[in-house]
Amino acid sequence: MMVSRCKVSATLCALALGVCSSLFAASPCLRPLIVGWDTWPPYHFKDEKGRMQGLAVEVLQALAKRVDCPLQFAQMPWKRTLNELAQGKADLAMEVLKTPERERTMLFSRAYRPSNVHFFVRKKDGRWSFNTLAELSKLGPVALGVSRGDSYGVALDQWLKTPPAGVIVDVAPTMAINLIKLQHGRVDLLLGDLLATQAAIYDLKLADELAPLAQEWPTQEAYFAFSRVSVSQPVFQAFQQALEDLIKDGTLKQIQQRYLVRRP
């Protein structure tokens with residue numbers, strides 16, 4: 001009888017262990033993934049109730065739900081996020097542009113949205129009509145506002161490093177300061193990501209005064225970046241597959257549609 005009970009107990013233990021193993025196997029994540037972020041509407045920000053919101057946040061949360069990986073959002077400056085990804089102190093970042101330097105320390109998802117920048121102007125200033133950087137250079141002198149640390153794509157970044165004689169590049173610490181400079185005529189043009197700059201314009205109640213020029217300047221697609229130090233290949237591949245599925249079933253497009261630029 002004792003032997004029988006032992007056999008039953010062993011069987012139950014084995015079954016229990018099998019159930020536990022299958023539960024853990026369902027998720028490749030052994031702990032919450034730490035997501036570094038800074039306020040950058042409409043891509044990632046907190047609403048008035050302190051909840052994470054934004055296009056990139058919605059996409060990432062949809063992926064995490066499919067992968068069954070919990071997320072832990074940690075607010076920090078952008079440069080610190082990149083440093084902590086390189087060191088494995090953070091696991092994941094949103095809205096990252098791919099560069100050879102970053103690829104040495106980060107794993108990049110497939111792209112989840114195109115990224116375009118525009119030149120923004122004062123609506124009452126109608127002299128700005130150009131389709132190429134060469135045409136812009138001939139309209140000078142031009143004071144052009146950019147935000148510190150922002151990338152505008154390979155071609156524009158290179159052009160900004162050695163601008164032509166008629167173009168003065170004015171670097172501001174934040175987009176809000178840039179927009180106020182533009183409003184008051186302290187810069188003539190402003191370069192900015194279309195959705196992010198539009199969101200800032202609406203927040204500052206400047207939609208009646210400032211607007212983007214129609215010409216789009218493609219930069220680079222946006223990616224999720226995972227730390228090579230702290231994120232395993234199974235976790236990374238699970239997110240890759242989830243993003244593929246999100247694209248195929250139309251969920252990604254539905255999320256993007258909710259963040260279309262509002263026109264005044």
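Author: Just after α9, G250 takes a positive phi of about 85°. Helices (H or I, at least four residues) and strands (E, at least two) are DSSP runs, numbered from the N terminus. This is a predicted model, in which local features need pLDDT of at least 70, side-chain atom pairs count only at pLDDT 80 or more, and totals for chains, interfaces and linings use all residues. Residues are numbered from 1 along each chain as its sequence is written, and side-chain values use heavy atoms, with hydrogens and water left out.

Reader: How many helices and strands are in the chain?

Author: The chain holds 10 helices and 13 strands.

Reader: What span does α9 reach from its first C-alpha to its last?

Author: The expected span of a helix is 1.5 Å times one less than its number of residues. With 16 residues, α9 reaches 22 Å, close to the 22 Å expected.

Reader: Which residues of α9 are buried, and why do they line one face of the helix?

Author: An α-helix has 3.6 residues a turn, so residues three or four places apart point the same way. Buried means under 20% relative accessible area, exposed over 50%, and partly exposed in between (1.4 Å probe, protein chains only). In α9 the buried residues are V235, F236, F239, Q240, A242, L243 and L246. Seen down the axis of α9, they fall within an arc of 165° (taken from the directions from the helix axis to the C-beta atoms), so they line one face. On the other side of α9, P234 and K248 are exposed.

Reader: Against which elements do the buried residues of α9 pack?

Author: They pack against β1, α2, β6 (106–108), β13 and α10, where contact means heavy atoms within 4.5 Å.

Reader: Which residues touch the most other members of the largest nonpolar core?

Author: In soluble globular proteins, nonpolar side chains tend to be buried together. A nonpolar core is a set of buried Ala, Val, Leu, Ile, Met, Phe, Trp, Tyr and Cys residues joined through side-chain atoms within 4.5 Å. Here the largest has 35 residues, and V59, L63, M94, Y112, F224, F226 and F239 touch the most other members. Its largest share, nine residues, comes from α2. Leaving aside neighbours within four places in sequence, V59 is in contact with F224, L246, L252 and I255. A second, separate core of 19 residues includes F119, L144, Y152 and L189.

Reader: Is E84 buried or exposed?

Author: E84, in helix α3 (residues 78–87), is buried, with a relative accessible area of 15%.
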